[in-house]
Amino acid sequence: MLITRADSNGRRSRAVVHNGTIYLAGQVADDRSISVAEQTAQALAKVDDMLARCGSDRTKILSSIIWLKSMDDYKAMNEIWDAWVDPDHAPARACVTGDMAYADILVEIMVVAAA
């Protein structure tokens, strides 16, 4: 079986494609000095970009995990998510809090999608 890895650096790949399924690494904003809403929008733009690079799009997302630094940001993140997600193709989703790799990361989004 063919396994394709995109943007791999030895520690992680930003995407792995196997058997018609795309697994994205967690996506975070490049500019982490901004609000959780703005970080969410940047992370989702990176999801769109990686899915397009792998021949897919947001309508083919099967599942998503969202990590928030604080559940106080849940509403602001959801406002951006709800405007971005296709309501006719909503994925299975979990949203949890967690310690982030860097203190200024407010949200991280990981998805699995069909190719």
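I began with serine 56, which sits in the loop between α1 and β4. I take helices (H or I, at least four residues) and strands (E, at least two) as DSSP runs, numbered from the N terminus. The model is predicted: local features need pLDDT of at least 70, side-chain atom pairs count only at pLDDT 80 or more, and totals for chains, interfaces and linings use all residues. Residues are numbered from 1 along each chain as its sequence is written, and side-chain values use heavy atoms, with hydrogens and water left out.

**Serine 56**

Is serine 56 buried or exposed? I find it buried, at a relative accessible area of 8%. My cut-offs: buried is under 20% relative accessible area, exposed is over 50%, and partly exposed is in between (1.4 Å probe, protein chains only). Its side chain reaches the backbone oxygen of alanine 114 at 2.6 Å. I count a polar contact as a pair of N or O atoms within 3.5 Å; within protein, one must be able to donate a hydrogen and the other to accept it, and residues adjacent in sequence count only if both atoms are side-chain atoms. I then listed what serine 56 touches, not counting residues up to four places away in sequence: Ile22, Leu51, Ala113, Ala114 and Ala115. Contact here means heavy atoms within 4.5 Å.

**Glutamine 27**

Next I went to the loop between β3 and α1, where glutamine 27 lies. Glutamine 27 is buried, with a relative accessible area of 2%. A polar atom of its side chain lies 2.9 Å from the backbone oxygen of alanine 25. Leaving out residues up to four places away in sequence, glutamine 27 touches Arg14, Ala43, Lys46, Val47, Met50, Val107, Glu108 and Ile109.

**The core**

I looked up the largest nonpolar core and found 24 residues. Such a core is a set of buried Ala, Val, Leu, Ile, Met, Phe, Trp, Tyr and Cys residues joined through side-chain atoms within 4.5 Å. Leu24, Val47, Ile66, Trp81 and Ile109 have the most contacts inside this core. Two or more residues come from each of β2 (13-18), β3 (21-24), α1 (36-53), β4 (61-68), α2 (74-84) and β6 (107-114). α1 gives the most, with six residues. I checked tryptophan 81: aside from neighbours within four places in sequence, it contacts Leu44, Ser64, Ile66, Pro91, Arg93 and Ile109.

**α1 against α2**

How do α1 and α2 pack? Their angle is about 35° and their axes are 8 Å apart. I noted the residues of the contact: Val36, Ala37, Thr40, Ala41, Leu44, Val47 and Asp48 of α1, with Ala76, Met77, Ile80, Trp81 and Trp84 of α2. Axes are lines fitted to C-alpha atoms, for helices over the stretch in contact, and angles run from 0 to 180 degrees between N-to-C directions.

**Valine 96**

Valine 96 is in strand β5 (residues 92-97). I find it partly exposed, at 35% relative accessibility. Valine 96 and tryptophan 84 are 12 residues apart in sequence and 19 Å apart in space, C-alpha to C-alpha. Not counting residues up to four places away in sequence, valine 96 touches Ile66, Trp67, Leu68 and Met71.

**Positive phi**

Most residues other than glycine have a negative phi. I logged a positive phi near 55° at aspartate 7, in strand β1 (residues 3-8). Asparagine 19 also has a positive phi, near 50°, and lies in the loop between β2 and β3. Aspartate 7 is partly exposed at 37%, and asparagine 19 is exposed at 63%.
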